[in-house]
Amino acid sequence: MNLLSLVLIFKILGTVILWCLPLLLFPATMLESLGLPAQNSYMFVRLLGWAYLALCVGYGFALREALRGRRLMGPIWVGIVSNGGACLYLLYFGSIGTWSQWGASLQFIAWGSVFATALITLGLFLFGVRGQEPLA
């Protein structure tokens, strides 16, 4: 197993467990008990869960190729843009106190996501784009 594969596995598992499953399957009351602000409609929350899941499908194809010793550049670049943008966006809103009224567990997940998206972006760049290690 190579480092690009490990980055992709970390990304897929983290996204599915911490974001996809809760956004898609948790009832609104459970999301609110975790600290998510109440919504008039949870339609966009559920759509976000599906969008994250769709990204994971792309990462899954990249993972399959990385395990075969090849780089699938499309999902790698999508991951860099997605995770890099999310990192900056989350860092900005966390820094200005947007999450200060959220529950502690949701704040922990949000700040953890800042850190994780930064690491994932760096990992995808170093091991996917620059290819600092042989995959095969």
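A residue is called buried when its relative accessible area is under 20%, exposed when that area is over 50%, and partly exposed in between (1.4 Å probe, protein chains only). Glu65 is buried on this criterion, because its relative accessible area is 11%. The structure is a predicted model, in which local features need pLDDT of at least 70 and side-chain atom pairs count only at pLDDT 80 or more, while totals for chains, interfaces and linings use all residues. Residues are numbered from 1 along each chain as its sequence is written, and side-chain values use heavy atoms, with hydrogens and water left out.

Glu65 belongs to helix H3, where helices (H or I, at least four residues) are DSSP runs numbered from the N terminus. Leaving aside neighbours within four places in sequence, Glu65 is in contact (heavy atoms within 4.5 Å) with Arg70 and Leu72. The C-alpha atoms of Glu65 and Ile17 are separated by 23 Å, and these residues lie 48 residues apart along the chain. Arg71 is found in the loop between H3 and H4. Arg71 counts as partly exposed, because its relative accessibility is 31%.

The packing of the helices comes next. Two packed helices are described by the angle between their axes and the distance between the axes. Axes are lines fitted to C-alpha atoms, for helices over the stretch in contact, and angles run from 0 to 180 degrees between N-to-C directions. H1 and H3 pack at an angle of about 160 degrees, with their axes 9 Å apart. H1 is therefore roughly antiparallel to H3, a label given to angles over 145 degrees. H1 passes H3 in a left-handed crossing, meaning that the near helix is turned anticlockwise from the far one by less than a right angle. The contact of H1 with H3 comprises 22 nonpolar, four polar and two charged residues. Here Ala, Val, Leu, Ile, Met, Phe, Trp, Tyr, Cys and Pro count as nonpolar, Asp, Glu, Lys and Arg as charged, and the others, Gly among them, as polar.

Ser5 is placed in helix H1. Ser5 counts as buried, because its relative accessibility is 0%. Not counting residues up to four places away in sequence, Ser5 touches Leu63, Ala66 and Leu67.

Helix H1 (residues 3-25) also packs against helix H5 (residues 104-129), at an angle of about 155 degrees and with the axes 9 Å apart. H1 is therefore roughly antiparallel to H5. The contact of H1 with H5 has twelve nonpolar, three polar and one charged residues. H4 and H5 pack at about 150 degrees, with their axes 8 Å apart. H4 is therefore roughly antiparallel to H5. The contact of H4 with H5 divides into 15 nonpolar, nine polar and no charged residues.

In soluble globular proteins, nonpolar side chains tend to be buried together. A nonpolar core is a set of buried Ala, Val, Leu, Ile, Met, Phe, Trp, Tyr and Cys residues joined through side-chain atoms within 4.5 Å. The largest such core has 14 residues, and those with the most contacts inside it are Leu4, Val7, Leu8, Ile76, Leu124 and Phe127. H1, helix H3 (43-67), helix H4 (73-95) and H5 are the elements that give two or more residues to this core. Apart from it lies another core of six residues, among them Leu23, Leu31, Leu36 and Leu106.

Terms used. Angles under 35 degrees count as roughly parallel, over 145 as roughly antiparallel, 65 to 115 as roughly perpendicular and the rest as oblique.
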